[in-house]
Amino acid sequence: MKKHLIILLLLIFYNQLFAQTNWERFRKESCPIKTWVLLHPFKAKKALLISKEAIKITDSIAETNLLDKDGSGGQVDAFRHAYWMAKLHQEIGRNAARNLGKAHERDNYKSFKKGHFEDGTYPDYASKKMDLYNNKIGLTFSVKNDTRSNVGLIYKIINAIKKGDLKVIKKDTKGNYLTCNNEQISIQELNKWKNKKCLVYSNYKHYLLQN
């Protein structure tokens, strides 16, 4: 009886919580994201706002010449993940931020199995490795309750990307995916979860353009 009462109270609590935020959005999320939200109910709304902010700022960066304009495996993609993690670290703490990032990547595998796109392409293992790496680096760009300005954080991440501190997926100057041996990857290969995409440091295009 006590167990059932506790479950009922939890259901009422979460229903009230998400009625105040975005219940419809929550219902559409994958199981890994839902689990994270249920384990971090008081941080979920703040995380949602930060996620929206990260997308908005990344879209603005993509319109400039600060990075390579590539939001799918390129520098802009790396920026989005690093900025997202840095801001989450500031607002909800390192562990909660890291776990949300991992939940998002588990969600990507489920999206691949269902044939769903992410940022215009199929999610895959190389993208997952890239995102997890950049998430990890992004966590180092801030601390809990960091008071630095967003502008300072943005340029710190941009400079790190230009130095090669983050990872991107190797492409030629036309945007075709390349293996680590500089061979163009076929469409059939790209449709696999584990394909021949090659992770490289985020400043590799600087050297590519020089050669």
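**Figure 1. Lys-102 in helix 6 of the predicted model.** Lys-102 sits in helix 6. The model is predicted. Lys-102 is partly exposed, since its relative accessibility is 39%. Pro-32 is 70 residues away from Lys-102 along the chain. The C-alpha atoms of Lys-102 and Pro-32 are separated by 8.6 Å.

**Figure 2. The protein chain as a whole.** The protein chain holds ten helices and two strands. In sequence order the pattern reads α-α-α-α-α-α-α-α-β-α-β-α. The protein chain has 211 residues, and 45% of them are buried. Its accessible surface is about 12,400 Å². Carbon and sulfur atoms account for 55% of that surface. Take the contacts between residues at least 6 apart in sequence: 67% of them join residues at least 24 apart.

Figure 3. Helix 5 covers residues 75-92. Its 18 residues should span 26 Å at 1.5 Å a residue. The end C-alpha atoms of helix 5 are 25 Å apart, so the span agrees with that expectation. Helix 5 is mostly covered, with 17 of its 18 residues buried.

Figure 4. Helix 7 runs over residues 125-139. It has 15 residues. From first C-alpha to last, helix 7 reaches 21 Å, close to the 21 Å expected at 1.5 Å a residue. The buried residues of helix 7 include Ala-126, Met-130, Ile-137 and Leu-139. An α-helix has 3.6 residues a turn, so residues three or four places apart point the same way. At the start of helix 7, a side-chain oxygen of Asp-124 comes to within 3.4 Å of the backbone nitrogen of Ala-126.

**Figure 5. The salt bridge of Asp-124 and Lys-197.** Five salt bridges are counted in the model. One of them joins Asp-124 to Lys-197. Their closest N and O atoms are 2.6 Å apart. The pair links distant parts of the chain, 73 residues apart. Asp-124 lies in the loop between helix 6 (94-114) and helix 7. Lys-197 lies in the loop between helix 9 and strand 2. Both Asp-124 and Lys-197 are buried.

Figure 6. Lys-163 forms a salt bridge with Asp-165, with the closest N and O atoms 3.7 Å apart. Lys-163 is exposed, at a relative accessible area of 61%. Asp-165 is partly exposed, at 33%. Glu-189 and Lys-192 meet in another salt bridge, 3.1 Å from N to O. Glu-189 counts as buried because its relative accessibility is 13%, under the 20% limit. Lys-192, at 43%, counts as partly exposed.

**Figure 7. Lys-171 and its polar partners.** Lys-171 is found in the loop between strand 1 and helix 9. This lysine is buried, with a relative accessible area of 7%. The side chain of Lys-171 makes a polar contact of 2.7 Å with the side chain of Asp-70. The Lys-171 side chain also reaches the backbone oxygen of Ser-72, at 2.7 Å.

**Figure 8. The disulfide of Cys-180 and Cys-198.** The structure holds one disulfide. It joins Cys-180 to Cys-198, with an S to S distance of 2.0 Å. The link of Cys-180 and Cys-198 is right-handed, with 100° about the S-S bond. Cys-180 lies in the loop between strand 1 (167-169) and helix 9 (187-190). Cys-198 lies in the loop between helix 9 and strand 2 (199-201). The pair therefore ties together parts that are 18 residues apart in sequence. Cys-180 is exposed, at 51% relative accessibility. Cys-198 is buried, at 5%.

Methods: Residues numbered from 1 in each chain as written. Predicted model: local features only at pLDDT ≥ 70, side-chain atom pairs only at ≥ 80, totals over all residues. Heavy atoms only, no water. Disulfide = S-S within 2.5 Å. Helix = DSSP H or I, 4+ residues; strand = E, 2+ residues; numbered from the N terminus. Buried < 20%, exposed > 50% of the residue type's maximum accessible area, 1.4 Å probe, protein only. Polar contact = N/O pair within 3.5 Å; in protein donor to acceptor, adjacent residues only side chain to side chain. Salt bridge = Lys/Arg side-chain N within 4 Å of Asp/Glu carboxyl O. Contact = heavy atoms within 4.5 Å. Areas by Shrake-Rupley, 256 points an atom, 1.4 Å probe, with all protein chains shown as cover. Expected span 1.5 Å × (residues − 1).
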